[in-house]
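Reader: Can you walk me through this model? I'll ask as I go.
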Amino acid sequence: MDDKRQKIQLRLAFGEERRSEAPKGLCEGTEMPTAKRMTESPASNNERLMEKVCERENCLQAYKRVKSNQGSAGIDGMTVEELPGYLKEHWPAIREQLLSGTYKPEPVRRVEIPKPDGGVRQLGIPTVLDRMVQQAVMQVLQSRWDAEFSEHSHGFRPGRSAHQAVAKAQQYVTEGRRWVVDLDLEKFFDRVNHDRLMAAVARRVRDKRMLKLIRAFLTAGVMENGLVGPVDEGTPQGGPLSPLLSNLVLDELDRELERRKHRFVRYADDCNIYVRSRRAGERVKRSITVFITRRLKLKVNEAKSAVARPADRKFLGFSLTRAHEPKRRLAAKVLVRFKRRVREITGRTRGISLEQMTKELSGYLRGWKSYFGFSETPTVFQALDKWVRHRLRSVIWKQWKRGRLRFQRLRASGVSTALAAQTAGSSHGPWRVADSPAMHYAFSIAYFDSLGLPRLFDEISSIKPNRRMRTRTYGGVAGEER
């Protein structure tokens with residue numbers, strides 16, 4: 001189904017509604033929709049949040065966000081591409097259910113994905129329809145709540161980012177707070193208390209239909225191995241509404257830290273508090289752990305929480321140097337994961353062309369750079385660039401397989417006869433040969449640039465001209481990149 005057809009179907013689905021009038025098609029031979037809505041009416045102050053949720057522009061925006069996020073199907077198997085056609089036929093009835101307070105979400109589909117540091121993270125994937133409804137609800141609530149949240153909270157909020165959180169942490173350390181209380185909330189999204197969460201929502205929302213809908217999303221259940229089980233606590237990760245509700249839960253923690261005048265940064269369930277001494281850090285850790293356990297009914301993971309130097313901890317994939325004015329650097333595990341992923345993409349036995357491989361690798365590198373390019377250690381990016389090109393040269397050498405073909409390809413790339421013969425007859429492995437003068441000449445930096453391979457460090461080299469680079473040698477000739 002092409003985009004044009006989807007847009008037509010969406011206009012047909014959402015275009016017939018009126019803010020205060022139900023679709024006519026539902027009135028024929030049935031009870032009047034206005035009578036149905038009397039069962040779940042808004043509060044006495046006429047707060048009509050569900051009408052805002054069902055507004056045409058809000059629903060279109062919600063659909064566009066769900067479409068851009070893609071994601072897999074829920075328990076009903078419906079894909080994002082199939083949603084416009086479904087809405088064209090069923091939206092009037094869905095809208096009426098939302099306005100009357102009778103909409104019932106489907107159970108989420110349990111999915112487990114591996115964590116970078118080991119173990120698995122459990123996700124709950126709602127149906128695409130429920131995702132769109134959650135997104136529409138989230139947009140309305142976030143526009144009302146966001147201004148009330150703490151300035152120290154950066155996760156899943158418009159106009160805020162992980163980069164801002166890392167920069168704020170860097171500022172605190174620069175100001176002399178050289179110790180960090182790194183708090184890890186154990187299985188936070190799985191342990192949120194529903195009653196406490198709904199009480200927090202009810203303090204901000206008076207539309208009973210909205211309260212009933214949010215409670216329904218929380219208790220919709222989970223399908224795992226074909227069986228649906230109940231859910232008594234937690235906000236399953238995977239739905240658009242979950243991050244907003246998590247910020248609402250942890251807003252109480254933010255206010256407590258502000259009341260105590262702490263310098264802290266929070267991004268979702270990652271919370272770092274910056275202090276001037278280890279002793280102060282240990283004291284803060286003990287008292288805040290008690291608050292989180294007794295007041296918020298959550299659990300602090302003691303094994304992963306610590307009081308340490310910021311240079312010894314990671315925050316959102318970054319760490320800090322130990323300098324008087326600390327610089328942002330990549331956390332060690334980020335580099336390990338980067339190389340692991342590049343090795344997967346450039347696997348020598350994948351059986352795809354270099355151009356296909358480079359295209360796939362380029363997408364990964366651009367996305368990685370857009371986030372981790374915030375680091376202030378350019379020499380690391382230079383080293384990674386060199387390692388990636390080395391990896392690709394090694395793949396090329398492996399794909400050529402035989403000495404005769406290797407000789408022919410090197411000669412075709414302009415390598416001299418003597419050097420091509422010496423390299424093609426080498427007994428060394430692909431990784432060693434990939435660093436040879438012949439491979440550097442045949443597959444220079446400019447060659448990979450022509451394939452569209454992005455550079456992680458794309459500025460003119462800052463190495464001073466009077467300093468020599470020590471390079472590995474092969475066959476008595478320096479294997480320096482060109």
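**Loops, a helix and cavities**

Author: Q70 is partly exposed, at a relative accessible area of 35%. Buried means under 20%, exposed over 50% and partly exposed in between, with a 1.4 Å probe and protein chains only. This is a predicted model, where local features need pLDDT of at least 70, side-chain atom pairs need 80 or more, and totals for chains, interfaces and linings use all residues. Numbering runs from 1 along each chain as its sequence is written, and side-chain values use heavy atoms, without hydrogens or water.

Reader: Where is Q70 found?

Author: Q70 is in the loop between helix 4 (56-69) and helix 5 (83-100). Helices (H or I, at least four residues) and strands (E, at least two) are DSSP runs, numbered from the N terminus.

Reader: And what is phi of Q70?

Author: Near 55°, which is positive, and Q70 is not a glycine. Most residues other than glycine have a negative phi. K401 also has a positive phi, near 65°. K401 sits in the loop between helix 15 and helix 16 (403-412).

Reader: Is K401 buried or exposed?

Author: Exposed, since K401 has 61% relative accessibility.

Reader: Back up a bit. How many helices and strands does the chain have?

Author: The chain has 20 helices and 12 strands. Of its 482 residues, 47% are buried. Take the contacts (heavy atoms within 4.5 Å) with a separation of 6 or more: residues 24 or more positions apart account for 73% of them.

Reader: Now helix 14. Which of its residues are buried?

Author: L354, M357, T358, L361, S362, L365, W368 and F372. Seen down the axis of helix 14, those buried residues fall within an arc of 145°, so they line one face. The arc uses directions from the helix axis to the C-beta atoms.

Reader: What's on the face of helix 14 turned away from its buried side?

Author: That face carries the exposed residues K359 and S370.

Reader: What covers the buried residues of helix 14?

Author: The cover includes strand 9, strand 10 (328-330), helix 13 (332-345), helix 15 (378-400) and helix 20 (445-450).

Reader: Different topic. How many cavities of 30 Å³ or more?

Author: Five cavities reach that size. A cavity is a set of points on a 1 Å grid over the protein atoms alone where a 1.4 Å probe fits but cannot get out, and lining residues have an atom within 4 Å of a point. Points join across faces, edges and corners, and volume is the space filled by probe spheres on them.

Reader: How much space lies in the largest cavity?

Author: About 150 Å³. The largest cavity has 16 lining residues, with Q134, F217, L218, P236 and S242 nearest its centre. Helix 6 (128-145), helix 10 (208-218) and helix 11 (242-259) each give at least two residues to that lining.

Reader: And the second largest cavity? How much space lies there?

Author: The second largest cavity holds about 120 Å³. Its lining has 13 residues, and Y274, P310, F315, F318 and L320 lie nearest the centre. Helix 7 (162-174), strand 7 (270-275) and strand 9 (318-320) are the elements that give two or more residues to this lining.

Reader: Last one: Q135. Buried or exposed?

Author: Q135 is buried, with a relative accessible area of 5%. Q135 lies in helix 6. Neighbours within four places in sequence aside, Q135 contacts A62, R65, V66 and P240.

Note on methods: On a 1 Å grid over the protein atoms alone, a cavity is a set of points where a 1.4 Å probe fits but cannot get out, and a pocket is an open set with protein on both sides within 12 Å along at least five of seven lines; lining residues have an atom within 4 Å of a point.
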